[in-house]
Amino acid sequence: KCGTRFTFAPIGNTKPPVRQTQAESQETIPVGLPLRDLKKLGRFEVKNRLGAGAFGEVFRAHDPQLDRDVALKLPHAAVLRNPNVAKRFLIEARANARLTHPNIVPVFDAGRDSGHHYIASAFIEGKTLDDALEDAFGFRETARIVMKLAGALAYAHEQGIIHRDIKPANLMVTRDRVVKLLDMGLA
């Protein structure tokens, strides 16, 4: 998160590693307003913050063009100082946009506005499986959720995409107990 870059010499080289800070690097990408101050991003009207992780933050926003709410994923500014990370972020959006499955959260849009990269995906009413585990799941319901998740992962694998970060916090459970796979950030 600090933006410090370390370069290591090949094994057997006795020179110490080179340490390069953000200030010394010329490969930075300009960023816009702090995320907490965002009211609008592209055509999206930012409503509220849903959560945050090591990579970035997710906001609920409204798309007035299509009159629907979306989840906007925005990487932290420090993360995008590396142009390779920014490129990978858009690769994530393209990969996820190719997936059409009832148990995978669809991506609607991706881009950059006001110095911020974003991915807009479906807003899912419900809670993460992590939070839903507080509720009692019966054996059959647990088996059904696992079966649906396995189907979504098999479909993604058929499309050449491997999720690599399956955990309860990356699964949404709707009010109707439908499981939805999200956050293809490491795919």
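The model is predicted, so local features need pLDDT of at least 70, side-chain atom pairs count only at pLDDT 80 or more, and totals for chains, interfaces and linings use all residues. Residues are numbered from 1 along each chain as its sequence is written, and side-chain values use heavy atoms, leaving out hydrogens and water.

**Exercise 1.** Find the strand order and the edge strands of the open sheet of 6 strands.

*Solution.* Start with the terms: strands are DSSP runs of E with at least two residues, helices are runs of H or I with at least four, and both are numbered from the N terminus. Two strands pair if DSSP finds at least two bridges between them. Next, read off the order, β3-β4-β5-β6-β8-β7, with antiparallel pairing. Finally, the edges are β3 (40–41) and β7 (107–113), each pairing on one side only.

**Exercise 2.** Describe how β4 is joined to β5.

*Solution.* First, locate β4 at residues 44–52 and β5 at residues 56–63. As a landmark, Arg49 stands opposite Phe59 in β5.

**Exercise 3.** Decide whether Ser121 is buried or exposed, and list its contacts.

*Solution.* Begin by placing Ser121 in strand β8 (residues 116–122). Buried means under 20% relative accessible area, exposed over 50%, and partly exposed in between (1.4 Å probe, protein chains only). With a relative accessible area of 14%, Ser121 is buried. Leaving aside neighbours within four places in sequence, Ser121 is in contact (heavy atoms within 4.5 Å) with Val70, Ala71, Val105, Pro106, Val107 and Phe108.
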